[in-house]
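Let us take a walk through a protein together, one step at a time. Have the sequence and the 3D view ready, and look for each residue as it comes up.

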Amino acid sequence: MSHIVNAYSRLLTSIVRGEGVYLFGKDGKKYLDFAAGISTASLGHCHPYVTGKLKEQLGSLWHCSNIFTIPEQERLAERLTALTFADKVFFCSSGLEATEAAIKFIRRYFYSQGQGRRNRIITIEGGFHGRSIAAISAGGNEKSREGFAPLLPGFDKVPRNDIKALEEKISDETAAVFLEPIQSEGGVYTLDVKYLQKVREITKAQGMILCFDEVQCGYGRIGSLFHYQNIGIEPDMLTCAKAIGNGFPLAACLVRDYIAEAITPGTHGSTYGGNPLAMTVGNAVLDVMLEEGFFGHVRRVSKCLKEKLLPLAEEFPEIISEIRGEGLLIGIELKVPFADKIVGQSLDKGLIMTRVLNNVVIRITPPLIVEDKHVSIACDILYKLFLKI
Ligand SMILES: Cc1ncc(COP(=O)(O)O)c(C=O)c1O
């Protein structure tokens, strides 16, 4: 009997080793990893360059309190701000912590402006921002909220892509809009670019903060460092995690200066945030992603994935209702809620994928280093499985 709290429906398979896009079970079985630890192992498993940098750092310093200047942290922040809209970065260890930072920074900014009443945040139905009380109050589905009352007040949810509903929710207490440009846990839904442009216009005109949660869709997955760069809509804040650390606990909240000014010593913090090990990994991941051709590769292989998946939808119209998503964040929506069955059978065949949206959507999020040949193997497995249904 396991002594682990039953928060996950775990598979009995134990994974003991990873190399590139492959994972290896205790029994020696080889798996093609099209989940990447849920969009996390961006450069694949045990990437030699990142692993080498981590090993070097392990021998010199693991941890150092944030009361000291941490050179690798300064360096990563400098690089991220040079590459984005942001002026400052707050480092933490998980997407959830980045969500907490974003919510607190938004509220604290308006407080610092003498507008403490302006503290409500508009979020989008189907969005997911983590599992703390604040994060499930902001997003998540009914299941993630059930039994955790009282939730936090201050969040107003509106339907996806409905600008009228969003405008109607805005009051003199509204501080910000916080959304995932591509909802992943919610079922792989891309928000319309025109909608996001309008949200940007409205938030700017009303002096509201626009914060993008790019914990899943950011950091290379859609073929640019951040997805906002693909669509040309700059937020005022952005949260990222997962791929930024290639599996090492690391996350960040990127902000513009005027918001960062509201955060003074003692107002926020994280013991492990920005620690030397995480920062070394973060810089190493960025070194690899900024190599010439990296994002071009992601875009090319994404195209190959879509080109191989779309014919499946045509061939099996009685099983698949839609293939959607962008880059290497793809959802296959089924007509019947049996994604668990397909995901389970594909695991038996050596392919790891995940499922979302009440068992209706199979989600594909391979490491960004995946190649066309791996895409072919995965699609072949899927084809054979669909053929048998
Ligand atoms: C969009 C988004 N935001 C936030 C989170 C929370 O991240 P973490 O699980 O690292 O706390 C997740 C996790 O899946 C996510 O997908």
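Start with Arg17, which is partly exposed, with a relative accessible area of 42%. Here, buried means under 20% relative accessible area, exposed over 50%, and partly exposed in between, using a 1.4 Å probe and protein chains only. Glu19 is partly exposed too, at 49%. The side chains of Arg17 and Glu19 meet in a salt bridge, with 3.0 Å from N to O. A salt bridge is counted when a side-chain nitrogen of Lys or Arg is within 4 Å of a carboxyl oxygen of Asp or Glu. Side chains of opposite charge can pair when their charged atoms come close.

Before going further, a word on what you are looking at. This is a predicted model, in which local features need pLDDT of at least 70 and side-chain atom pairs count only at pLDDT 80 or more, while totals for chains, interfaces and linings use all residues. Residues are numbered from 1 along each chain as its sequence is written, and side-chain values use heavy atoms, with hydrogens and water left out.

Now for the salt bridges elsewhere. A search of the whole structure finds 18 of them. Asp287 takes part in a salt bridge with Arg75, where the closest N and O atoms are 3.9 Å apart. Asp287 sits in helix H11 (residues 276-289) and Arg75 in helix H3 (residues 71-83), so this pair links parts of the chain 212 residues apart. Helices (H or I, at least four residues) and strands (E, at least two) are DSSP runs, numbered from the N terminus. Asp287 also meets Arg79 in a salt bridge, at 2.7 Å from N to O. Because Asp287 lies in helix H11 and Arg79 in helix H3, the pair ties together parts that are 208 residues apart in sequence. Arg75 is partly exposed, at 37%, whereas Arg79 is buried, at 17%. Elsewhere, Arg200, Glu234, Asp236 and Arg256 are linked in a network of salt bridges.

Next, step back and view the chain as domains. The domain assignment, which is automatic or from a database, gives domain 1 (15-46 + 292-388) and domain 2 (49-289). Their C-alpha centres lie 26 Å apart. Where do the two meet? At the interface, 30 residues of domain 1 are in contact (heavy atoms within 4.5 Å) with 26 residues of domain 2. Together the domains bury about 2300 Å², 58% of it on carbon and sulfur atoms. Buried area is the accessible area (1.4 Å probe) that two parts lose on being put together, summed over both. Leu43, Phe295 and Leu329 supply 25% of the area that domain 1 buries against domain 2, more than any other three residues.

How many salt bridges are there between domain 1 and domain 2? The count is 1. Glu185 forms a salt bridge with Arg363, the closest N and O atoms being 2.7 Å apart.

Finish at Leu254, found in strand E12 (residues 251-255). Leu254 counts as buried, at 0% relative accessibility. Beyond its neighbours within four places in sequence, Leu254 is in contact with several residues, including Phe85, Val89, Phe226 and Leu238. The C-alpha atoms of Leu254 and Ala36, 218 residues apart along the chain, are separated by 24 Å.
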